[in-house]
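Me: I am new to this structure and would like to know what stands behind the words used for it. Could you take me through some of them?

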Amino acid sequence: MHALSLLLKSPVLVAVVLVAGIGGMFLYGFSVSVLTAPSVYIKELVNSTCVQRYGLSLEDWQLSLIWSFIISIYCIGGLLGSLCAGRIAATYGRKTSLMLNNVVVICGAVLMVLSKTAHSFEMILVGRLLYGISSGVVVTIHPMYVLDCAPKNLRGMVGSSVAMFTSLGKFFGQLLSISEILGTEDLWPFLLAFCALTSILQLVLLYFLPESPCYLLLQREDKPACEKALQQLRGSHADFTSEVEEMLRESVAIRGVKNHSVLELLLARSIRWQLLTIIINFITLQLCGINAVYLYATDVFRIAGIPEHNLCYVILGTGLCDFSTVLICSLVIEHTGKKVLIVWGYVCMSVAMLLLTLTLYLQVHVSWMSYCSMVLIFICIISFCSGPSCVAIPLPGELFTHSFQSAAFTVASTLNWIGLFFVGMVFPLLAEQLDYFCFLIFFVFCFSTALFMWYNVPETKNKSITEITAEFDRMHSKAKHSETKLKAQQPEEPTEIEQSTKL
């Protein structure tokens with residue numbers, strides 16, 4: 001609550017968090033969850049379009065192929081957006097890049113809303129591609145912008161807002177998809193175009209908010225503009241001298257150093273442990289099994305006896321659980337620390353995965369075991385949202401200096417999109433072959449990442465990037481220093497000349 005009270009004392013910073021979120025990661029979460037309900041209507045549009053144009057009624061496998069492409073093209077767009085997001089952020093700034101990105105979302109939404117009237121499923125394909133490009137950009141730039149605007153003692157809470165808006169987007173995707181709101185045969189195009197409203201809102205409100213102070217000082221070398229932005233963010237009576245001095249020290253350290261490319265990041269030996277931390281976390285973020293949990297949730301709830309017409313409301317409950325947990329996590333993260341949250345989150349997920357495999361195996365033989373599976377599904381969701389979801393996404397902004405940040409976010413978001421595409425294409429086949437035993441694979445990823453984080457990553461709470469870099473160096477040079485110290489303590493054997501001298 002102390003951290004929350006500090007945040008509320010900076011209303012402009014609160015506005016930055018809210019405005020960046022509603023047009024940022026909200027889009028990513030919404031786009032991931034929104035296609036489930038209108039899938040029947042979109043498939044009908046695909047089939048009717050082919051009949052109208054070519055007089056051809058599609059077979060089931062052809063319809064499934066087109067539907068898979070509609071889903072996966074979002075990941076392709078996300079990958080394209082993430083590859084260029086770092087360069088866009090470095091060239092135009094965080095705030096301007098987000099404003100330009102909203103134009104892409106609005107264009108995609110217009111195509112979505114007109115697709116049914118125009119009898120063109122290709123417009124949905126192009127719209128999903130544009131949504132994907134936009135999401136790839138915000139996955140990189142949204143965390144960069146809010147972390148740059150936050151003081152280091154609130155960076156954990158502000159960084160966790162990225163996951164909070166992702167969960168909020170998923171929840172709204174599920175909520176608006178029910179038949180009582182927009183999940184109907186007539187209104188589903190407006191459901192797909194809903195993100196245009198949040199993008200227009202962000203486009204207007206961002207104009208009145210400051211640019212990232214770090215970008216203004218470190219990239220543009222404009223100290224007066226940086227101080228003006230900090231004055232807006234911290235308040236007119238706040239003392240931000242230490243923040244400016246810290247940024248100036250970093251500016252001196254990177255003076256004459258350009259923004260590093262992805263290749264330079266991959267080859268830099270001085271930050272290899274930070275890079276390895278990002279790679280492992282973002283691979284595990286998609287391969288921890290949370291998507292499989294959501295996939296199996298419908299079957300588990302159905303076996304537990306929940307009526308078919310009520311399943312959508314129970315799934316909506318999982319989305320509400322997701323958002324509530326992330327919200328609570330954002331309030332406690334500055335007290336507990338980020339390393340503790342992510343390690344225990346993955347440990348709890350590992351245990352839940354093992355038990356879920358057992359209960360899914362036994363629910364055929366024991367009638368009440370399906371209720372245990374329901375509980376474990378909610379435990380998996382709570383464990384994921386209470387640590388990995390909140391901590392992992394903003395990590396590149398905390399572990400790397402300004403010159404490496406764009407490249408680090410590019411690597412992280414690229415891994416995220418490749419992982420999402422891989423899960424979407426391969427997991428259905430994996431689930432078909434292994435059934436619920438696929439959770440054992442996810443157990444390995446979760447438990448291995450928890451061990452890696454515990455032994456190889458320092459706590460980042462209330463620390464600047466310079467201090468975190470020093471902690472990494474101290475942690476991973478400990479063995480080397482011990483070896484050097486041991487050698488120094490060993491007496492050197494006297495040489496033959498020394499022996500003869502003594503004689």
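**A pocket and its salt bridges**

Reply: Gladly! Helix 7 (122-149), helix 11 (213-219), helix 12 (223-234), helix 13 (241-253), helix 22 (402-434) and helix 24 (465-476) each give at least two residues to the lining of the second largest pocket. This is a predicted model, where local features need pLDDT of at least 70 and side-chain atom pairs count only at pLDDT 80 or more, while totals for chains, interfaces and linings use all residues. Residues are numbered from 1 along each chain as its sequence is written, and side-chain values use heavy atoms, with hydrogens and water left out.

Me: Which helix supplies the largest share of the lining of the second largest pocket?

Reply: Helix 13 does, with five residues. Helices here are DSSP runs (H or I, at least four residues), numbered from the N terminus.

Me: Which residues are the closest to the centre of the second largest pocket, and what is its volume?

Reply: The volume of the second largest pocket is about 400 Å³. Among its 21 lining residues, K152, R155, E243, E246 and M247 are the closest to the centre.

Me: What makes K152 and E246 a salt bridge?

Reply: The term asks for a side-chain nitrogen of Lys or Arg within 4 Å of a carboxyl oxygen of Asp or Glu. In K152 and E246 the closest N and O atoms are 3.9 Å apart, so the pair qualifies. K152 sits in the loop between helix 7 and helix 8 (155-176) and E246 in helix 13, 94 residues apart. By this rule the count comes to eight salt bridges.

Me: Why is K152 called partly exposed?

Reply: Buried means under 20% relative accessible area and exposed over 50%, with partly exposed in between (1.4 Å probe, protein chains only). K152 has 31%, so the middle class applies. E246, at 26%, is partly exposed too.

Me: How do you know whether E243 and R234 are buried or partly exposed?

Reply: Their side chains meet in a salt bridge (2.8 Å, N to O). E243 has a relative accessible area of 21% and is therefore partly exposed, whereas R234, at 11%, counts as buried.

Me: Why does the pair E398 and K338 tie together separate parts of the sequence?

Reply: E398 forms a salt bridge with K338, with the closest N and O atoms 2.7 Å apart. E398 lies in helix 21 (residues 395-399) and K338 in helix 18 (residues 338-362), so the pair joins parts 60 residues apart in sequence. At 3%, E398 is buried, and K338 is buried at 4%.

Technical notes. 1 Å grid on protein atoms, 1.4 Å probe; cavity = no way out; pocket = protein on both sides within 12 Å on 5 of 7 lines; lining within 4 Å. Points joined across faces, edges and corners; volume = space filled by probe spheres on them.
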